[in-house]
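Here are some notes to read with the model open beside you.

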Amino acid sequence: NELAQMPLGTMAHPDDRHLLFAETARNRAGEVTASMRYRLRHKTGKWIWVERRAYAVREHDFGEGVAIISVISDITARVEYERDLAAATAAQEAARFKLQTIMDNSIDVIAVFGPDRRMEYLSASCEQQSGYTVADFFEGRAVLSHPDDADLVAEAIRREDAGGEGETFRYRGVRKDGSVIWLERRGRKVYDPETGALLYIVTVTRDISEEVKHEQEITTANVQ
């Protein structure tokens with residue numbers, strides 16, 4: 001009885017009243033929106049979200065015209081969950097973008113491999129370090145290891161795959177332009193905290209050419 005005595009739109013949120021007025025006009029013309037959401041003021045004074053599902057009945061015993069059958073459900077909890085999920089997703093995307101920016105602009109090259117050794121991520125800084133693009137590495141066009149150090153690199157990776165922890169080693173790399181650089185590669189394994197299964201192998205590769213050159217100069221000076 002209380003609801004029946006209220007004028008149209010009395011309970012609706014001010015920002016949603018136009019939706020109800022427009023829908024009422026559609027209903028009077030025999031049209032209906034199958035599902036719509038809007039806010040209503042609860043008897044306690046708080047605002048709740050509802051979903052109104054409706055359909056038109058043209059053959060009925062309610063008199064002339066088209067009858068509109070409506071089912072209105074309180075979906076406040078669902079809307080709040082959707083809002084919180086959207087906020088959390090947006091925050092996660094912002095954090096991911098920030099991390100991506102940091103990694104891509106790092107001097108070091110960061111790579112992530114799956115347990116099967118398939119590369120899943122490579123920072124854009126690889127081009128500055130080696131001259132090869134990310135696409136070059138993913139599509140197999142980049143050959144970075146110096147031929148004389150290829151066995152050293154392969155053996156370190158074999159040890160890593162055999163169950164050892166991440167390997168740290170130095171090796172010579174050949175840039176895309178043919179120049180030789182010295183690299184230090186550090187690996188770290190990431191495990192599932194619950195199952196202990198290997199999730200990723202994260203590697204950080206740094207150009208240490210200047211450091212090696214300095215060490216060689218010191219060695220030469222000591223010999224002399």
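**Notes on the model**

1. Let us begin with a pocket. The second largest pocket has a lining of 22 residues, and those nearest its centre are Phe-113, Phe-137, Leu-144, Tyr-171 and Thr-205. A pocket here is found on a 1 Å grid over the protein atoms alone: it is an open set of points with protein on both sides within 12 Å along at least five of seven lines, and lining residues have an atom within 4 Å of a point. Please keep in mind that this is a predicted model, in which local features need pLDDT of at least 70 and side-chain atom pairs count only at pLDDT 80 or more, while totals for chains, interfaces and linings use all residues. Residues are numbered from 1 along each chain as its sequence is written, and side-chain values use heavy atoms, with hydrogens and water left out.

2. The volume of the second largest pocket is about 460 Å³, counted as the space filled by probe spheres set on the grid points, which are joined across faces, edges and corners. Its lining comprises 14 nonpolar, 5 polar and 3 charged residues. In this count Ala, Val, Leu, Ile, Met, Phe, Trp, Tyr, Cys and Pro are nonpolar, Asp, Glu, Lys and Arg are charged, and the others, Gly among them, are polar.

3. Which elements supply at least two residues each to that lining? They are strands E4 (109-113), E5 (119-122), E6 (168-174) and E8 (198-207), together with helix H3 (126-130) and H5. Helices (H or I, at least four residues) and strands (E, at least two) are DSSP runs, numbered from the N terminus.

4. Several of these strands belong to an open sheet of 5 strands, ordered E5-E4-E8-E7-E6 with antiparallel pairing; two strands pair if DSSP finds at least two bridges between them. E5 and E6 are at the edges with a single partner strand each, so one side of each has no neighbour in the sheet. On average, neighbouring strands are turned by 25 degrees against each other, direction ignored. Axes are lines fitted to C-alpha atoms, for helices over the stretch in contact, and angles between N-to-C directions run from 0 to 180 degrees.

5. Within this sheet, E4 is joined to E8 by 5 bridges in an antiparallel arrangement, and Ile-110 stands opposite Val-204 in E8. H5 packs on the sheet and touches E6, strand E7 (180-191) and E8, its direction making about 145 degrees with that of E6. Helix H6 (residues 209-223) also packs there, touching E6, E7 and E8, at about 120 degrees to the direction of E7. Contact means heavy atoms within 4.5 Å.

6. On its other pairing, E4 is joined to antiparallel E5 by 3 bridges, with Tyr-121 in E5 as the bridge partner of Val-112. Have a look at the hairpin of E4 and E5, which has 5 residues between the strands. Arg-117 lies in the loop there and has a positive phi of about 75 degrees although it is not a glycine.

7. What is the strand order of the open sheet with 3 strands? The order is E1-E2-E3, and the pairing is antiparallel. Its edge strands, E1 (35-41) and E3 (67-74), each pair on one side only. Here neighbouring strands are turned by 35 degrees on average, direction ignored. Helix H1 (residues 17-28) packs on this sheet, touching E1, E2 and E3, and its direction makes about 130 degrees with that of E1.

8. E1 and strand E2 (residues 47-57) run antiparallel and are joined by 7 bridges. Arg-39 has Trp-49 in E2 as its bridge partner, and Arg-37 stands opposite Glu-51. In the hairpin of E1 and E2, with 5 residues between the strands, Gly-45 has a positive phi near 105 degrees.

9. Is Asp-136 buried or exposed? Asp-136, found in helix H4, is buried because its relative accessible area is 6%; buried means under 20%, exposed over 50% and partly exposed in between, using a 1.4 Å probe and protein chains only. Leaving aside neighbours within four places in sequence, Asp-136 is in contact with Arg-141, Ala-142 and Lys-176.

10. Val-143, in the loop between helix H4 (134-138) and helix H5 (150-161), is exposed with a relative accessible area of 56%. Beyond its neighbours within four places in sequence, Val-143 is in contact with Tyr-132 and Val-174.

Note on methods
1 Å grid on protein atoms, 1.4 Å probe; cavity = no way out; pocket = protein on both sides within 12 Å on 5 of 7 lines; lining within 4 Å.
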